[in-house]
Amino acid sequence: MATPKVILYYAFAPLPDPEAIRLWQHTLADSLGLRGRVIISRHGINGTLGGDVVELKKYVRGLRSYAPFKDADIKWSPGAALSDGTTALFPRLSVKVREELVAFGAPDALTVDEHGVVDGGTKLTPEDLHELVASEDVVFFDGRNHIESEIGRFRGAVRPPVETTREFLDLLDSGAYDHLKDRPVVTYCTGGIRCEVLTPLMKQRGFREVYQLDGGIVRYGETFGDDGLWEGSLYVFDGRIATDFSDHAKIVGTCDRCAGPTKDVRDCVDVACVRQFARCDACMDTDPGCDAHALTAAP
């Protein structure tokens, strides 16, 4: 019987021929019946794939057989299956070459060598993070989009009001966070890749003591669950939309209509709209559209 799983991974390394890597990756993943998304750039690879655990293990062995990806950190989580045994969390397989692994809009500002990202933040394990918090007055800085931080975040974190990653640099350049430049700042994101790019960009803009949570929220949740500094649910980029680390996860999200507690992230019902929002069941029944597409449900 199939055991569905999901993997999340990335590896930074100079890739002289991203298109050749794309063809190899598509052939490998497709031959194993996997679905999900893989992005390749001249800076490396980033992927999230779902399928049977046996086939995913074959994929990981194939991925790591290529020297630049041999140290790729693979994060595993539960999947879900259709009647045919394939994962239900991804509709298709997509393998693409893009200018950036993370779309900050600054591909030439990132330098990558055989060891990974050059001059990024100091990496912290979950245990290191607790030690730092105990000894210094740190600032948690959420490296995700606002809807992601709405349903879960580190306690007291700065949550930039951005809808897309491309908005981060304009916000940093605006001076909105200049008051944090002399404080220890700990950045975090889902699996760690956005902070790999965000931290050197912050250092280039004068932030002096910048850290990044190695392995992201996923690795922290594996270590401490909901019994540490994390509060709420984790937004994920597959059919689950959100997941909890335990049966006692705190609900920190707020419905955008009634301001009541919710951990549910919704898609606007207008098929032409890609906005998401946090909304409770009752409000979604009466108003399934976003602010730009206010719609009233049929009686």
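In this predicted model, helix α3 (residues 126-135) packs with helix α7 (residues 216-224) at an angle of about 85°, and their axes lie 9 Å apart. That angle makes α3 roughly perpendicular to α7, because angles of 65 to 115 degrees fall into that class. On the α3 side, the contact is formed by P126, E127, L129 and H130, which meet R219, Y220, T223 and F224 of α7. Sorted by class, the contact of α3 with α7 comprises four nonpolar, two polar and two charged residues.

The protein chain contains eight helices and 17 strands. Its radius of gyration is 20 Å, close to the 19 Å that the globule rule gives for 299 residues, so the chain is as compact as a globular protein of that length. Taken along the principal axes, the box filled by the C-alpha atoms of the protein chain is roughly 55 × 55 × 35 Å. Of the 299 residues, 51% count as buried. Contacts can also be sorted by sequence separation: among those in the protein chain between residues at least 6 apart in sequence, 64% join residues at least 24 apart.

The domain assignment divides the protein chain into domain 1 (4-101), domain 2 (113-243) and domain 3 (254-298). Between domain 1 and domain 3, the C-alpha centres are separated by 32 Å.

E150 is located in helix α4 (residues 146-151). Is E150 buried or exposed? With a relative accessibility of 13%, E150 counts as buried, since the cut-off for that class is under 20% relative accessible area. When residues up to four places away in sequence are not counted, the residues that E150 touches are R159, V252, G253, T254 and A278.

R208 is exposed, its relative accessible area being 62%; the class requires a value over 50%. Leaving aside residues up to four places away in sequence, R208 touches K181 and D182. R208 and N145 are 63 residues apart in sequence, and their C-alpha atoms are 23 Å apart in space.

Although I241 is not a glycine, I241 has a positive phi of about 65°. The residue is found in the loop between β14 (234-235) and β15 (242-243). How accessible is I241? At 24% relative accessibility, I241 counts as partly exposed, because the value falls between the 20% limit for buried residues and the 50% limit for exposed residues.

A259 likewise has a positive phi, near 70°, in a residue other than glycine. Its position is in the loop between β15 and β16 (265-267). With 54% relative accessibility, A259 counts as exposed.

Key. Residues numbered from 1 in each chain as written. Predicted model: local features only at pLDDT ≥ 70, side-chain atom pairs only at ≥ 80, totals over all residues. Heavy atoms only, no water. Axes fitted to C-alpha atoms, helices over the stretch in contact; angles between N-to-C directions. Helix = DSSP H or I, 4+ residues; strand = E, 2+ residues; numbered from the N terminus. Parallel < 35°, antiparallel > 145°, perpendicular 65-115°, else oblique. Contact = heavy atoms within 4.5 Å. Nonpolar A, V, L, I, M, F, W, Y, C, P; charged D, E, K, R; others polar. Domains from an automatic or database assignment. Rg over C-alpha atoms; globule rule 2.2 N^0.38 Å. Buried < 20%, exposed > 50% of the residue type's maximum accessible area, 1.4 Å probe, protein only.
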